[in-house]
Amino acid sequence: VKAATETQAPPAIDHGVIAQFRELDPDGGSALAARILDIYAESSGGVFAELEQSMSAGDGERLRRAAHSLKSSSGNVGARQLAALFKEFELLGKENRLDEAHAQLDALRAEYARALDSIRALRLEFET
């Protein structure tokens, strides 16, 4: 029998990264972290749509570029599992393995949604 902690997914956002943003904030508060998370939440959706469109169009190079961009920005906000998935998609695009990318798209969408939910929850914490 597995312990409860073994069956749970790791947090969608590494709170250590958020703590680093707080340390860098001149006021020592959450304003910098909030701004970085807001930028990610606002800008990543368009690139994610680009990723999905590239797959529909069968364009591996476009998939690679979108996944690369999202891998970097996801890592920057502490979405480590999501960044790892985007890294896989980057390679699949580079190698034009779009069937495999299609097979993993639901898992990618789910992890992306989980990261955005965590970002929204963090933003609410910052406001209290």
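Contact here means heavy atoms within 4.5 Å. With that settled, here are some notes on the model.

1. **What you are looking at.** This is a predicted model, in which local features need pLDDT of at least 70 and side-chain atom pairs count only at pLDDT 80 or more, while totals for chains, interfaces and linings use all residues. Residues are numbered from 1 along each chain as its sequence is written, and side-chain values use heavy atoms, with hydrogens and water left out.

2. **Confidence.** The pLDDT (the predictor's confidence in each residue, from 0 to 100) averages 93 over the protein, and 95% of the residues score at least 70. Residues 1-5 are a stretch to treat with care: their pLDDT is below 50, and beyond near neighbours in sequence this stretch has one contact in the model. Where pLDDT is low, the predicted coordinates should not be read in detail.

3. **Fold.** You will find six helices and zero strands; helices (H or I, at least four residues) and strands (E, at least two) are DSSP runs, numbered from the N terminus. The order of elements from the N terminus is α-α-α-α-α-α. The C-alpha trace spans about 45 × 40 × 20 Å along its principal axes. Of the contacts between residues at least 6 apart in sequence, 65% join residues at least 24 apart.

4. **Surface and charge.** The accessible surface is about 7300 Å², with 52% of that belonging to carbon and sulfur atoms; areas come from the Shrake-Rupley method with a 1.4 Å probe. There are 15 positive and 21 negative charges, and their mean positions are 3 Å apart. Lys and Arg count as positive and Asp and Glu as negative, with His and the chain ends not counted; each charge is placed at NZ of Lys, CZ of Arg, CG of Asp or CD of Glu.

5. Buried residues (under 20% relative accessible area; exposed is over 50%, partly exposed in between, with a 1.4 Å probe and protein chains only) make up 36% of the 128 residues. A nonpolar core is a set of buried Ala, Val, Leu, Ile, Met, Phe, Trp, Tyr and Cys residues joined through side-chain atoms within 4.5 Å. In the largest one, with 32 residues, I18, L51, L82, F89 and L108 touch the most other members. Helices α2 (15-24), α3 (31-56), α4 (60-76), α5 (80-94) and α6 (98-127) each supply at least two residues of this core, and α6 gives the most, with 10 residues.

6. **L82 and E111.** Neighbours within four places in sequence aside, L82 is in contact with Y40, S74, L108, E111, Y112 and A115.

7. **G93 and R64.** G93 belongs to helix α5 and, at 3% relative accessibility, is buried. R64 is in helix α4 and is partly exposed, with a relative accessible area of 23%. Under the same exclusion of neighbours within four places, the contacts of R64 are E90, G93 and K94.

8. **A backbone point to check.** N96 is not a glycine, yet its phi is positive, at about 55°. N96 lies in the loop between α5 and α6, and it counts as partly exposed because its relative accessibility is 49%.
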